[in-house]
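User: I am new to this structure and would like to know what the labels used for it rest on. Please show it first.

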Amino acid sequence: MGIVRVAVRLYNDGRSDIEEVDATALVDTGAMNLCIPEHVALQLKLERRYEREVILADGSRKLVPYVSGVRVETQGRGCVTGALVFGDQVLLGAIPMEDTDMVVHPARLTAIPNPENPNVAVSLARGIKAQQP
């Protein structure tokens, strides 16, 4: 399978006065988080919350800033998540992919809304039992 990309719009979820950023995100189901370049974090005026150590594809480790709350929208779906700040492009990992209920369409080399749930994103909450009265 080739490189999968998808158009996204990123917002600072806590600041409606800040203009959103449009980007083409690299979809990487092997990565966990949303990753954004420093210039995107600066444009969105996102607050640095923590530092996280990330393990890169070559096995090396790097300490990077973690910011929140980033609103991600694509194809009528959205979520609010944190983001790791590093690299030179937006990377959409498994957490925002699951949260928006998007799947990779290998033939089109893009991400699409889950065909099993075409109208609204679905989240799994199995294993949580309703409390008995």
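User: What makes the largest pocket a pocket, and what is its volume?
Analyst: The largest pocket of this predicted model has a volume of about 390 Å³. The label comes from a 1 Å grid over the protein atoms alone: a pocket is an open set of points with protein on both sides within 12 Å along at least five of seven lines, whereas a cavity is a set where a 1.4 Å probe fits but cannot get out. The volume is the space filled by probe spheres set on the points, which are joined across faces, edges and corners.

User: How do you know which residues line the largest pocket?
Analyst: A lining residue has an atom within 4 Å of a point. There are 17 of them, and A31, C35, L56, F86 and L91 are the closest to the centre. Strand 4 (residues 47–55) gives the most, three residues; strands (E, at least two residues) and helices (H or I, at least four) are DSSP runs numbered from the N terminus. By class, the lining has ten nonpolar, four polar and three charged residues. Here Ala, Val, Leu, Ile, Met, Phe, Trp, Tyr, Cys and Pro count as nonpolar, Asp, Glu, Lys and Arg as charged, and the others, Gly among them, as polar.

User: Which residues lie nearest the centre of the second largest pocket?
Analyst: Of its 13 lining residues, E98, D101, N114, V122 and L124 lie nearest the centre. The volume of this second largest pocket is about 240 Å³. Helix 2 supplies three residues, the largest share of the lining.

User: Why is N114 called buried?
Analyst: Buried means under 20% relative accessible area, exposed over 50%, and partly exposed in between (1.4 Å probe, protein chains only). N114 has 12%, so it is buried. N114 sits in the segment after strand 9 (110–113). Its contacts, meaning heavy atoms within 4.5 Å, include D101 and R77, with neighbours within four places in sequence left aside.

User: What about D101: buried or exposed?
Analyst: D101 has a relative accessible area of 8%, so it is buried. D101 lies in the loop between helix 2 and strand 8. Its phi is near 55°, a positive value in a residue other than glycine.

User: Why is Q75 called partly exposed?
Analyst: The relative accessibility of Q75 is 43%, so Q75 counts as partly exposed. Q75 is found in the loop between strand 5 and strand 6. Although not a glycine, Q75 has a positive phi of about 50°.

User: Why does A83 count as buried?
Analyst: A83 has 0% relative accessibility, so the label is buried. A83 belongs to strand 6 (residues 77–85). Beyond its neighbours within four places in sequence, A83 is in contact with L34, I36, P65, Y66, V67 and V70.

User: What makes a set of residues a nonpolar core?
Analyst: The residues must be buried Ala, Val, Leu, Ile, Met, Phe, Trp, Tyr or Cys, joined through side-chain atoms within 4.5 Å. The largest such core has 26 residues, and V8, L10 and I36 have the most contacts inside it. Strand 2 gives the largest share of this core, four residues. Apart from it lies another core of eight residues, including L26 and Y66.

User: How do you know how confident the prediction is?
Analyst: pLDDT is the predictor's confidence in each residue, from 0 to 100. The chain averages 93, and 94% of the residues score at least 70.

User: What conventions apply?
Analyst: Residues are numbered from 1 along each chain as its sequence is written, and side-chain values use heavy atoms, with hydrogens and water left out. In this predicted model, local features need pLDDT of at least 70 and side-chain atom pairs count only at pLDDT 80 or more, while totals for chains, interfaces and linings use all residues.
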